[in-house]
Structure formats: structure tokens, C-alpha cells
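User: I'd like a close look at a single part of this model. Please keep it plain and walk me through it.

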Amino acid sequence: MFETLLDLDSLTTTADYVGTFAFAISGALVAMKKNFDLFGVIIIAFVTAVGGGMMRDVLINAHPINWINDINYIWIILIAVGITFLFRSKIAPLRKTMFLFDTIGISVFTLLGLQKGLAYDLHPFIALVMGMVSAVFGGVIRDVLTRKVPLIFKKEVYASACLAGGVVYLILAKFTINEDLHFVIAATVIFIIRTIAVKYKLELPKVKDDLYGK
């Protein structure tokens with residue numbers, strides 16, 4: 001049933017599954033709060049967990065689409081929805097725990113998306129954008145479907161943290177160091193930026209007036 005779910009061959013694969021699980025729970029909680037039925041909850045959990053990677057693969061014409069090539073994503077999402085249904089009252093208050101998994105998720109998904117873009121011979125800048133798409137656009141799709149303003153369009157430092165970590169990855173790729181090491185370093189940069197921004201309530205500047213306004 002779970003095929004290779006327990007036969008993980010790398011830290012990034014493990015983190016990918018953990019991030020998928022966390023994003024699926026995040027989507028399920030939002031859908032339940034909106035009083036969606038079971039099917040609606042599963043759909044929102046699904047698009048939250050794999051929507052970013054799916055959009056990336058469509059944009060770069062990568063086949064098969066990420067989740068189609070690995071049934072474990074489906075099982076992980078269904079398990080996440082089941083756990084959320086059973087333990088919603090226990091999970092919903094754990095904001096710090098979900099923030100931790102969410103931040104780990106975007107850190108890993110950014111770099112996995114960036115790597116895939118580079119593997120398809122995209123320009124490094126375009127590959128960087130694909131990394132950001134992988135990390136944040138599942139949440140964007142979730143928020144649009146549930147009629148919320150997407151998080152990346154509001155005050156929090158979110159997508160910009162992904163871009164910063166991606167830039168670090170591209171810079172480190174120029175040096176002869178272990179590839180796993182510069183993956184970990186770049187992911188850590190994303191994690192630290194996101195954590196500091198939330199802890200100290202740092203925001204990107206808002207456009208309130210033109211340069212020569214009042």
C-alpha cells in the first residue's frame with residue numbers, strides 16, 4: 001500500500017513527505033473552518049500539498065507531474081485529512097508546530113523546485129522562480145479556492161524568504177562543496193529568514209503613495 005514510503009533514500013525525500021503532510025493538514029484545517037464537506041476538504045488539502053509542484057511542472061512541461069509519479073503523495077494527503085478529522089481540536093491550537101512544519105516545507109520545496117528547473121536547463125533566474133512557485137503556490141491556490149487573500153500578497157515575509165534561500169543555493173553551486181551541504185545551508189537560510197520575520201513581525205514595505213505624493 002505505501003510502497004517505498006518507509007524506504008526513504010535521502011533527507012530531502014523525507015522532508016518532502018513531511019512538508020506534504022504538514023501542508024495537507026494546513027489545507028484541511030482551512031477547509032473545515034469554512035465548513036466544506038469531506039470531498040471539499042480532501043481537494044483543498046490536495047491542492048495545498050502538491051499544487052505548487054504541479055504548477056511548476058506544468059509551466060516547465062515536466063512529465064509525469066510530480067504527484068502522478070509517486071502514489072505516496074496521495075496516501076500522505078489522505079492520512080493527513082483523516083488525522084485532521086479525528087484530532088482537529090488537538091491540531092488546530094498547535095500553531096507553533098504547524099509553523100515549524102510549514103517553514104521546513106517551503107525551505108525544502110523551494111530548493112527541490114529550483115533543482116528541477118536547473119535540471120530542465122532553465123536560466124538560473126527562471127529556475128529560482130520555479131522554486132518559489134513550488135513552495136508557495138499550493139497555498140495561493142488554497143486561499144483563492146477558500147476566498148481568502150493569499151498570504152504572499154499580505155504583510156508576511158514568505159515568498160521573499162524562498163527567493164533569498166534560492167539565491168544562496170545558486171551562489172553555493174559555484175563552489176566545489178558537497179551538494180547536500182549547500183542544499184542544507186540554503187534551506188537553513190530560508191528557515192531562519194522566515195522565523196526571524198515572524199518572530200519580530202518584519203514586513204516588506206507597502207505601496208501607499210507615489211514617491212512625490214503627500
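Is phenylalanine 175 buried or exposed?

Analyst: Some ground rules first. This is a predicted model, where local features need pLDDT of at least 70, side-chain atom pairs count only at pLDDT 80 or more, and totals for chains, interfaces and linings use all residues. Residues are numbered from 1 along each chain as its sequence is written, and side-chain values use heavy atoms, with hydrogens and water left out.

Phenylalanine 175 is exposed, because its relative accessible area is 52% and exposed means over 50% (buried is under 20%, partly exposed in between; 1.4 Å probe, protein chains only). You'll find Phe175 in the loop between α6 and α7; helices here are DSSP runs (H or I, at least four residues), numbered from the N terminus.

Phe175 also belongs to a nonpolar surface patch of about 510 Å², along with Val167, Ile171, Ile177, Leu181 and Ile185. The elements giving two or more residues to that patch are α6 (159–172) and α7 (179–199). Areas come from the Shrake-Rupley method with a 1.4 Å probe, and for residues only the protein chains shown count as cover.

Now for α6 from another side. Leaving aside neighbours within four places in sequence, valine 136 is in contact (heavy atoms within 4.5 Å) with Ile152, Tyr158, Ala159 and Cys162.

Key. Patches are made of residues with over 30% relative accessible area and no salt bridge: like charges are joined within 9 Å, nonpolar side chains (Val, Leu, Ile, Met, Phe, Trp, Tyr) within 5 Å. A salt bridge is a side-chain nitrogen of Lys or Arg within 4 Å of a carboxyl oxygen of Asp or Glu.
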